Amino acid sequence: AARLFAVEGLGGDEACCQGLLGLLQMEQPGLGDPLPALLEGWSEIGREIRPGIALRVGLSVAACQAGKGRADQARSTLREAWRLLAEIADPRETTRAFWLEARVLGCLGEPTEALQILESVRQRLLSEPCPAEAALVSLDLGLVLAESGRAGEIETLVGALRAAFPDEATLIVSAGGLGCFAELAVAGEADLPLTARHAAATMRRTFRLARLILRPLPFA
């Protein structure tokens, strides 16, 4: 689609497709480095026309930059992207924007603020209710807890998922995956970010097979 739009000279639509491609690459490991597509989308997308997509793309650029150790670039992109928040009316979109901001802050070594935001997002998703997203944000929260030396607290998140969605068989599986992550984190024998990414990918596959729709996918 991006190539077709390029041929037609529709730069804004091409940029939107590139941004969406980058978002998909972020959510699905094994599809390549998402940063090039995200940067291309972020630099050219019509932000006044598609502020929601632009915000997700910009925050995702910041997350990738932070993950690669480019802290100054990540902070600059985060500030620029956050100016779009005033254009977003859907409270679900703002919730997911805060979620991604917390991911960025976690990568930037600011765990206190990241934990506060993730906990707020988790509570909103539990109450909406959005079971699939609640499981995924619990995993992100668990990662920051583990990296802060608080891995023993992850089991509380597992219990909260099981209590909130006792009849969701898929969530029972996801809670089990979060519990396994907690055990590895407590043991201190795992590459925590890599383990969390694999756990998140497994959760998403489980959700798709069970047709438990993410409303919408966190960032894509």
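Which residues in α8 meet which residues in α11? Before getting to that, bear in mind that this is a predicted model.

On the α8 side you'll find A132, A135, L136, L139, L143, A146 and E147, and they meet L192, P193, A196, A199, A200, M203, R204 and F207 in α11. Sorted by class, that contact has 13 nonpolar residues, no polar ones and 2 charged ones. As for geometry, two packed helices are described by the angle between their axes and the distance between the axes. Here α8 and helix α11 (residues 192-209) pack at an angle of about 170 degrees, with 10 Å between their axes. An angle over 145 degrees counts as roughly antiparallel, so α8 and α11 are roughly antiparallel to each other.

Now look at α8 and its other partner here, α9. The axes of helix α8 (residues 131-147) and helix α9 (residues 154-164) come within 9 Å and cross at roughly 170 degrees, which makes α8 roughly antiparallel to α9. From α8, the contact draws on A134, A135, S138, L141, G142, L145 and A146, while α9 brings I154, L157 and L161. The class count for this one is 8 nonpolar, 2 polar and no charged residues.

Next, pick out R122, which lies in helix α7. Is R122 buried or exposed? Its relative accessibility is 8%, so R122 counts as buried, given that the cut-off for buried is under 20%. Leaving aside residues up to four places away in sequence, R122 touches V137, S138, L141, L157 and A160.

At its start, a side-chain oxygen of D90 reaches to within 2.9 Å of the backbone nitrogen of R92. After the helix comes G109, whose phi is positive, near 75 degrees.

Notes. Residues are numbered from 1 along each chain as its sequence is written. This is a predicted model: local features need pLDDT of at least 70, side-chain atom pairs count only at pLDDT 80 or more; totals for chains, interfaces and linings use all residues. Side-chain values use heavy atoms; hydrogens and water are left out. Axes are lines fitted to C-alpha atoms, for helices over the stretch in contact, and angles run from 0 to 180 degrees between N-to-C directions. Helices (H or I, at least four residues) and strands (E, at least two) are DSSP runs, numbered from the N terminus. Angles under 35 degrees count as roughly parallel, over 145 as roughly antiparallel, 65 to 115 as roughly perpendicular and the rest as oblique. Contact means heavy atoms within 4.5 Å. Ala, Val, Leu, Ile, Met, Phe, Trp, Tyr, Cys and Pro count as nonpolar, Asp, Glu, Lys and Arg as charged, and the others, Gly among them, as polar. A polar contact is a pair of N or O atoms within 3.5 Å; within protein, one must be able to donate a hydrogen and the other to accept it, and residues adjacent in sequence count only if both atoms are side-chain atoms. Buried means under 20% relative accessible area, exposed over 50%, partly exposed in between (1.4 Å probe, protein chains only).
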